[in-house]
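Dear colleague,

I am handing over the structure that we discussed, and my notes on its side chains follow below. Please read them with the structure open beside you.

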Amino acid sequence: MLYKKNECHTNEPPNVTLIATGICVTMIATEEEVPSFRIVAPQNLCKHNGSESATKQPDGVTITFQPKDGIKLSYKFKIFFKIIGPEPLTQRETLLVWKAVRALEQHLNSKERLHIMKNNMALIKKTQVVPGVSYIFHVVGITDAGETSREQVFTIDYAEGVLQNSNVPEGINFLLIGSEEIVASIEYSVMAKVTFCKPKNDYYIEWKVSDLEERYQRIENTISSVLLIPPNALSAERKTSIEAKVKENGTNRLLAKDVIWVEVLNKGFQAMIIPCAARIGEGTHLTFRLFLRNYDRVQEMEIKWLLENAATNDVLQTREDNENYFKVLFEKSGIYQVFAHIKINDIVTKVKADIEVISSVFISYDFQEIPNLNPSSYEEFKFSVMVMNMVANCEASWLSAQEEGFKLIPSGVLDKEHYGYTKISNLEKYYLEEIIDFTNSTVNREITLNIPTKHIKTDIMWPGFEGDSMYKFRLDVTCPKLFNENNQQGDLEGEPWVKVVTSYFIIDIHTNAPPQALIVSLDPLQGVALKTIFNVNSQEAKDLLLDSPVSYELKITMDNFELSFGKYFQYKTWETIFPYTLTPLQIIVEICDIRQACSTIKNDTKLSINYEEFNDLDYKAYENKVNGLFMRTDLQEACNYLIMATITLKNAQSPLYEKWQEFVKVTIQKQIDKLLEQAEDKFYINSDAKLIFVVKCKEILDYTHLINKTMLEKLLEILENLMEYNDSKMDLQKQARFKRSSRKRRIVNHSQELYTKTQLTLLEDLLKSEDYSSQALQNFIGKITNLAKKMCLNEDVNQESLKSSLVSLTLRKLQGAFLQQHTTQINENVFDKLILQFKNINMKFIKPQAKYCLIIKSYNFKENLQDDISLIEYNIYEIVSNTDLEEIKLENINKTPTNVQLDIYPLEQHVNKCLMKTSYTAPWSPEPCKSLVMGKFLRCSCSQTGFLKTALVNIPTTLRPIINNEILPTAYTSLPTFNSLTTRFTNTFTTTTISTRAVAATTSATTTATAFTTWSTSSRPETNNDMQINPTTTNRDFVQKASPLTYIIPLIFVLVLLLMGLLYILYQRRLKQTLKTTSNAPPSTILEFRKPASGIRYANIYDDHLLSGNF
């Protein structure tokens, strides 16, 4: 009898729900759990015939058992028989058959019992069976505790010298590899493993999935050995049959068939509110967002938000439109509670956030991205929150807090940078750097919590998160209390600040420990490259029941290649060949649970692989193997065989290598054309398989030096068609996802990242193949822009940072209200030690409720070209719809010189000028940007978007020569001629000698130009070869009189310095009075901390973090 738990409460026992607010898990169980196992289709045991090296003769069958959850079972056999011969047997013959059957049964239950229990495999040879008899095996699994499984039955017939199963004829090994239990939210893969005792490659697989919805039925057109079923395609609480038929290519003759039954489990969902607690100011807004991770197929979903007064339980505000965010204006002080009621299918849960509103607090918070609150213990964790309305001397930093049930990160383990420590500097002390922020009297800062992976630095022993644990992080913001004009007590002479107020923003995270990996075994330990079959076996990994089933993936690395040999649930055995390598072969098994927490185990056993030259028969058989794999669209396995043979023949310096190179070239060209001409109604190829094919083809062609422009263009066309197909036709995964899940931050999207990196690499290689021509550069920049715009329209991409050798790309999707306060910092780009910081200044063009996509790209062509191209390109797009972007043209909106601000540092070459153009073909101009060197960085305040680069403008000083006995001290200044904007500027500006108006010499014979002026080269005086310089002449008749500005400007400068000195003295006197007053104040009035109901201890990350440090 089955029972189902439909409601989730935090006081339920652990076997029904996790003990944590907002985690809801549906459990399906039986009254009495019993062990179970699966019988794999009988496999033929092939025996070598000495006279035929390429042929194997069947000698028996093996029966494989797969216990559920890797439990240890012993097996008990009962064998029944039936006579299938054409003639009836006599009584004596029947008795002999009975004795033979009993002898086989006793052999399996006694002599072979321990061997079968260890290997989960039984061997039945032809010498142990009688011709003309059908054997019916009844098998029961028994645990060490004596519990027995349900009985499993299989049949083997032996007639006319053929030993076979009714579905799998003799000479064919057919095994369906896949888990019998799965969850709806992950992709499910089934592999049809087919081998023949006699070589055969001209076959394909025909798949049939029961109860498959019409929108997913196209996957049944798969003819490869691997069937990939997208998430949410299978119905929960129902067993689905997946049938595979092996058919001969051309004749469509049935060779073998098998079926596997799959049950989709209900796992429930996990929900948490961000923030789970906060203290904010009166009259401020706070947006709550819902982190939601669902494991089941969504048929119905409801989200209802409530705002309640914690004291009276009065409902103040509601929202019932199924949105995953809730924006609230807190107008009055008090204690509030925000609830989110979530219902998915028949499962209901409620999560809560506690909010404290205080009149003296003026800080508010906002955030754009929803982080993964369920990270793997070996992953890094990043979360950024915008702290708004900060004033001078405000400090902000994340802290690790300890409550009952939560882990604490000890003080001193991580640095300030990991906790985003920030202090707003004093306005008078850092006037130039903060003047833009203080024009509205407050500052907004984005504070990032960055918990790294373990052991990020040699001097910091950070072991990473503990697995399956909970952590609490609190963002503390401490600011001076604003002056209250109605209360003059304790304030001296209107001193604005004598107290400190603290606000906070709290989140909880629940870490996920990866499966506990054991060891990987390998047999044999030596063999021949491309010929010996090696068996790789991983022990059963240990993990929580919530995280099952577990997937296993075999990878090998060698000679700068990484090959994957399939990822399957609950199946952990592989049979494969290995190449002949110059570097040691490393065997890795990656084990992942359904929440994408992964661990890896390596086999460190020394493996000896020798090389033996192919004969003609072996070489032809290998080519046929590769052609057969490509014929049935097993693209990844076919590429593995290509790579392994290429590495082997090249490393062994085989005379067959050139012949093999030609085969590789012809085969890849053929398969590329096949994919470009593919008709989806004939056969279906998964998008990920196509992407892997492009990646591996690129690796092979680079390794064999067969890459050319035509192949690059065709590989790019496959990628572009792949994107267009997903956009225009049917993206299986997106159609199955409920409509609000796209708002959740992407945890890991390996395919999207691999797609963009591969396209960047192909585009760079195509540019190199065209020798960096002007047209090729323009095409390259245009394609990079198109790629970035497609990423803007991709719902699964909220932020992305990619880097290659020639270009880096940073993408951020931000709501308008957040973009107004956001500062984008780019640490990784194509230039070493260069950091870019982008910030919007003029917000008139931003719609607070609209969604925007900010794209910043940097290029590095200087090593390849004499003239440099742009350093940076930045654009802002409004996301109008899922298919439409509208570029924001700042020059069309506001002609003021400051719309956006870009800080570039460090200044290794001491650049001091920002040049811009709005399009690739436009000329460079200094007009759109104001340039200001500020310490270690250059600030470009620009009125437009487009292409930006920096230039170095040198101003050396020389003396004008004597002309016709005329002695005039003069200044020659090297400046760019900006009236000819078609000239490109390099980072090191070439100096030229240009005449300038002579000015009077005072005590020095040189003058330095302080402003850019345009001079005409035609005004340069003629020079004489006989030049002499006499700086001591006093002949005033030949000296031009100086302009009055020459004396007025220095005088004004001196007066300004005196005024600033006076202001500084007054400021220091006031500061001493403030410190004196603060030191005399009672300690209880300095800090106002949260006073929770239960005891909370916050880690003192920095003893002086409230007293020192500058932004």
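Aspartate 634 counts as buried, with a relative accessibility of 6%, where buried stands for under 20% relative accessible area, exposed for over 50% and partly exposed for what lies in between (1.4 Å probe, protein chains only). Its partner in a salt bridge is arginine 632, at 3.1 Å from N to O, and a salt bridge is taken here as a side-chain nitrogen of Lys or Arg within 4 Å of a carboxyl oxygen of Asp or Glu. Arginine 632 is likewise buried, at 1% relative accessibility, and it also lies over the face of tyrosine 203, at 4.0 Å from the ring centre.

Before you go further, please keep in mind that this is a predicted model, in which local features need pLDDT of at least 70 and side-chain atom pairs count only at pLDDT 80 or more, whereas totals for chains, interfaces and linings use all residues. Residues are numbered from 1 along each chain as its sequence is written, and side-chain values use heavy atoms, with hydrogens and water left out.

**Salt bridges**

Side chains of opposite charge can pair when their charged atoms come close. Glutamate 248 is buried at 12% relative accessibility, while lysine 200, at 21%, counts as partly exposed.

A further salt bridge is found between lysine 572 and glutamate 540, at 2.9 Å from N to O. This pair links distant parts of the chain, with lysine 572 in the loop between β38 (561-569) and β39 (573-576) and glutamate 540 in the loop between β36 (534-538) and β37 (551-558), 32 residues apart. Both lysine 572 and glutamate 540 are buried.

The loop between β36 and β37 also holds serine 548, which is buried at 14% relative accessibility. Leaving aside residues up to four places away in sequence, serine 548 touches Val183, Lys267 and Ile594, a contact being heavy atoms within 4.5 Å.

**Aromatic rings**

Across the whole structure there are 26 aromatic pairs. Rings of Phe, Tyr and Trp (its six-membered ring) pair if their centres lie within 6.5 Å, and planes under 30 degrees apart count as stacked, over 60 as edge-to-face and the rest as tilted. The pair of tyrosine 471 and phenylalanine 473 is stacked, because the ring centres are 6.4 Å apart and the planes stand at 10°. Tyrosine 471 is buried, with a relative accessible area of 3%, and phenylalanine 473 is buried at 0%.

Helix α6 (residues 657-676) contains both tryptophan 660 and phenylalanine 663, three residues apart, which is about one turn of the helix. Tryptophan 660 is buried at 1% relative accessible area, and phenylalanine 663 is buried at 13%. These two residues belong to one aromatic cluster, together with Phe614, Tyr619, Tyr622 and Tyr641.

Finally, the charged end of arginine 289 sits over the ring of phenylalanine 367, 5.0 Å from its centre, the criterion being NZ of Lys or CZ of Arg within 6 Å of the ring centre and within 35 degrees of the ring normal.

Methods. Helix = DSSP H or I, 4+ residues; strand = E, 2+ residues; numbered from the N terminus.
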